[in-house]
Amino acid sequence: MASLSLQHGNGDTSCHAYVWLGMILRSRFGNFEAGFRFGRLGIDLVERQGLDRFKARIYSDFGHLINPWTKHLRDGIDWVRRALITAQTNGDLTFASFASNSLTMLLLASGEPLDGVQGEAENGLEYTRRVRFGLFADIMTGQLGLVRALRGLTSDISSFGDEQFDERLFQERLEKDPRLAFAACWYWIRKLQARFHANDYAGAIAAADRAQSLMWKSPPFFEAAEYHFYAALARAATPDSSPGDAREPSRDALYAHHLQLDTWARHCPENFANKAALVSAEIARLEGRETDAMRLYEQAVQSAHDNGFVQNEALANELAANFYAALGFETISRAYLQNARSCYVRWGADGKVRQMDEANPHLRHKLVQSRPAAMIGAAVEQLDVGAVITAAQAVSGEIVLDRLIETLMTIALKNAGAQRGLLILLEGDTPRIEAESRADQKAVKVTVRREAVTQADIPESLLHYVVRTRQSVILDDAWAQDPFSTDDYIREKRARSVLCLPLLKQAKLLGVLYLENSLASHVFTPARISLLELLASQAAISLENARLYGELTMSEERWRKLFESVPVGVVLVGSDRRYVAANPAFQRMTGYSEAELLRLSPTDITHEDDRAETEAIVAAYATGLPYYREHIVKRYRRKDGGVTWAEIDGFLAPTQRGAPFLAGVSVDITERKLAEEALRDARADLERMARLTTMGELTASIAHEINQPLAAIVTQSEAALRFLKRDEPDLDEVQDALACIARDGMRAGEVIRGLRALARKSAPQLTRLDIDDVIREVLALARGELVRHDVELCTELGSGERSVLGDRVQLQQVLLNLIMNGVEAMKETERTRQLSVSSTLAEPGSSMLVVVRDTGTGFDPAVAERMFQPFFTTKPDGTGMGLTICRSIVEAHGGRLWVSPRAPRGADVHFTVPLWAEQ
């Protein structure tokens, strides 16, 4: 598909082809860079050239199959969300289901809070069941089972079963139906993860083995990465307890998993460096390299933290704690274990936290000693209703963006007791500072900044956490030990009280409100927090409305500028079938001014040969029904009498009141059309020259074919004269001689007619032909050449009464070229030279197959396809164009041309020609 697109131009399907080619280049050939570039090419064609027929599947495949192997996992989440919305809007049930599954997978693998992941999984499962896509429903059942187990909503972490879900029956159904192998593979990967988190390492390895037997179903997907990661950790956790004979294969499997993770890490360290480092640490532990293990555990923790993989940060801390405990370093072990628990809490893995607390009571005891310095997702309480109403009215009453920002920041600082505040809004996925406010004893000063966020403005770790989790964070005392106290900003700016609130509208994150006080701790009291959280909710709505208002006030001027400056012709046609507007580009295309066009209709300036289609389009528009036509090619008759070729897209453009306009977008393709005509003429000339070249090679044979009947005519004429000059003229002999003369004259005439047909320059004429007659005509021309080179001719012509659709002259050219190639290939051989030509009905019966065989020198099979490339030749004096032209002629007829070597020597050339349609 990609090759055809590169040869003949891109269409909507090309975008999908490039994405899948990118996936294959990565998964099959390990070319990650080229894979990503082809994937981006598919996206760019959708985004920039509007080839969006398959937009949903392209976004989904790129986000799930391409992006995770070269870019951060979260970059793919947006693509998959867009795919889901597009697929649901377009009614593409298959890729809506696929995107739902991919979204849950990416959220889970990215370390998003598990309660949100569960919501997405439940929505996706309900959708796939509603549209009856059983395969993806089964896949998402496994995903949801893992999430619920980690959250402590099942009997234990290793089990997915509860009162509503019978895990045993589900597994039996997966095993019995081979069509569910894909779902079974992913299910056992999820079971592998669950059993590892439950510390059931033997069960985890059993699940890994079940998944491994089905992995051929899942190599392009990110679930393969989860399989290698958790299978490696499970094998590393159990080798000492394995029997002696089983220990070595298990160690080999561990190294194989690590090798794969390390390969991925080299191409995408954001996603895989933490995984590869953690498995490396476990290998170092097993091999007794304690210093290396210490360094690698810390490297895994830091890499997971830096890239936001909270679940892998938790795992790395937990395994490091186990490592230090085994060495007897209890203090260090407890620190790592405390960090692991904190990460699991942030992830929302309450079931895992419960398991850790039961096994390590000291963790729970330490947590209840004092109120934490950092509170995440604090509850709303102690609400001052009057303050809320006043603040909400002030914010909702502003519609101009700058005034809204000033009002919001002033109210926030006054009511929160903050010294400084930032309003950060998202542009796509990038946070940017919109405004900064500072309070002194007299007033609040608000400054509009509109610039990128830097580490000198805000604790970046805190910002990234709020953006990722969409949860508020309160630091009562930022100097105290908490997950964000090590941030460079907090250490350098000495902030004490910190509050960061997400601005959400219908679960969509618009931005963040950040407040701080550097003088005192515990400034942000529950009452103030409650007010600010409700204020943030109202602010998100008002900010979105203000943005829309600003865009609307600018839209008319923006569209007018676009209308006037766009390089393609744009017109509007009213209900009276006359032009309402025409931009400068369209005026240049047609040579008419806008004033002149407003007095005309599209039919008036359309080329006479295309007017019927234009009238039909305008008539269809007049019906008022939904209308869209794309890529119509037609000609305009310019004011000066010239012709402009254009490719046109037409659609209905709604108006605020009254009937819609018919809008047309015209792209001038005159130069392209002229180039195509020149190309056709050049190809016709090239084909004709190829025929003349071949005829030149046949000069001696052709002369023989003409001289033979001419000599016979002379001989018969002389004989007839002698018979007439006898005393008693022998009229019977004279009659026989004259009949021979007529027959030989006809034969010479046929040869000459064939030569004239081959030599003349004419357009292809597809007619009903008997392919066997065409073969006989060409063999008649080549007979002398065959005799001259001592070539034995065999024919097996079996077309019967079946006719083909083709151009006689072009098919003669193909056959003549193939026959001459065969003769040329046998010129140097000493053995029997045999050329055979056969015709037979091709399978499955829609075309005729013609085969030309020779016993010549043959060819190297490695160059079979190159033989059809222009200018490639195996002859010392060949042009390299003969087979190229033959293939183009055959393909233009709708057939195929290919070569194959013969055993023990020689070559077969095959081509097909479609049968006459009436048959």
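Q: Which side chains meet Arg-81 and Glu-120 in this predicted model, and in what kind of contact?
A: Good place to start! Side chains of opposite charge can pair when their charged atoms come close. Here Arg-81 and Glu-120 pair with each other in a salt bridge, at 3.1 Å from N to O. Arg-81 belongs to helix 5 (residues 73-90) and Glu-120 to helix 7 (residues 114-130), so the bridge ties together parts that are 39 residues apart in sequence.

Q: Are Arg-81 and Glu-120 buried, partly exposed or exposed?
A: Arg-81 is partly exposed, with a relative accessible area of 33%. Glu-120 is partly exposed as well, at 23%. The cut-off for buried is under 20%.

Q: How many salt bridges does the model contain?
A: The count comes to 40.

Q: Where do Arg-168 and Glu-172 lie?
A: The general idea comes from helix geometry. An α-helix has 3.6 residues a turn, so residues three or four places apart point the same way. In this model, Arg-168 and Glu-172 both sit in helix 9 (residues 167-176), four residues apart, about one turn of the helix. Their side chains meet in a salt bridge with an N to O distance of 2.9 Å. Glu-172 counts as partly exposed, at 29% relative accessibility.

Q: What about Arg-449 and Glu-436, buried or exposed?
A: Both Arg-449 and Glu-436 are buried. Their side chains form a salt bridge at 3.0 Å, N to O. This pair links distant parts of the chain: Arg-449 is in strand 4 (residues 444-452) and Glu-436 is in strand 3 (residues 430-439), 13 residues apart.

Q: Now for a helix: how do I read the span of helix 11?
A: Compare its end-to-end reach with the value expected at 1.5 Å a residue. Helix 11 (residues 201-212) has 12 residues and reaches 16 Å from its first C-alpha to its last, close to the expected 16 Å.

Q: Which residues of helix 11 are buried, and what do they pack against?
A: Gly-203, Ala-204, Ile-205, Ala-207, Ala-208 and Ala-211 are buried. The buried residues of helix 11 pack against helix 10 (181-197) and helix 12 (223-237).

Q: Finally, which residues form a nonpolar patch on the surface?
A: Look at Leu-721, Leu-724 and Leu-731, which together have about 290 Å² of accessible area. Leu-721 lies in helix 29 (residues 699-725) and is partly exposed, with a relative accessible area of 48%.

How values were computed: Residues numbered from 1 in each chain as written. Predicted model: local features only at pLDDT ≥ 70, side-chain atom pairs only at ≥ 80, totals over all residues. Heavy atoms only, no water. Salt bridge = Lys/Arg side-chain N within 4 Å of Asp/Glu carboxyl O. Helix = DSSP H or I, 4+ residues; strand = E, 2+ residues; numbered from the N terminus. Buried < 20%, exposed > 50% of the residue type's maximum accessible area, 1.4 Å probe, protein only. Patch = residues over 30% accessible without salt bridge, like charges linked within 9 Å, V, L, I, M, F, W, Y side chains within 5 Å. Areas by Shrake-Rupley, 256 points an atom, 1.4 Å probe, with all protein chains shown as cover. Expected span 1.5 Å × (residues − 1). Contact = heavy atoms within 4.5 Å.
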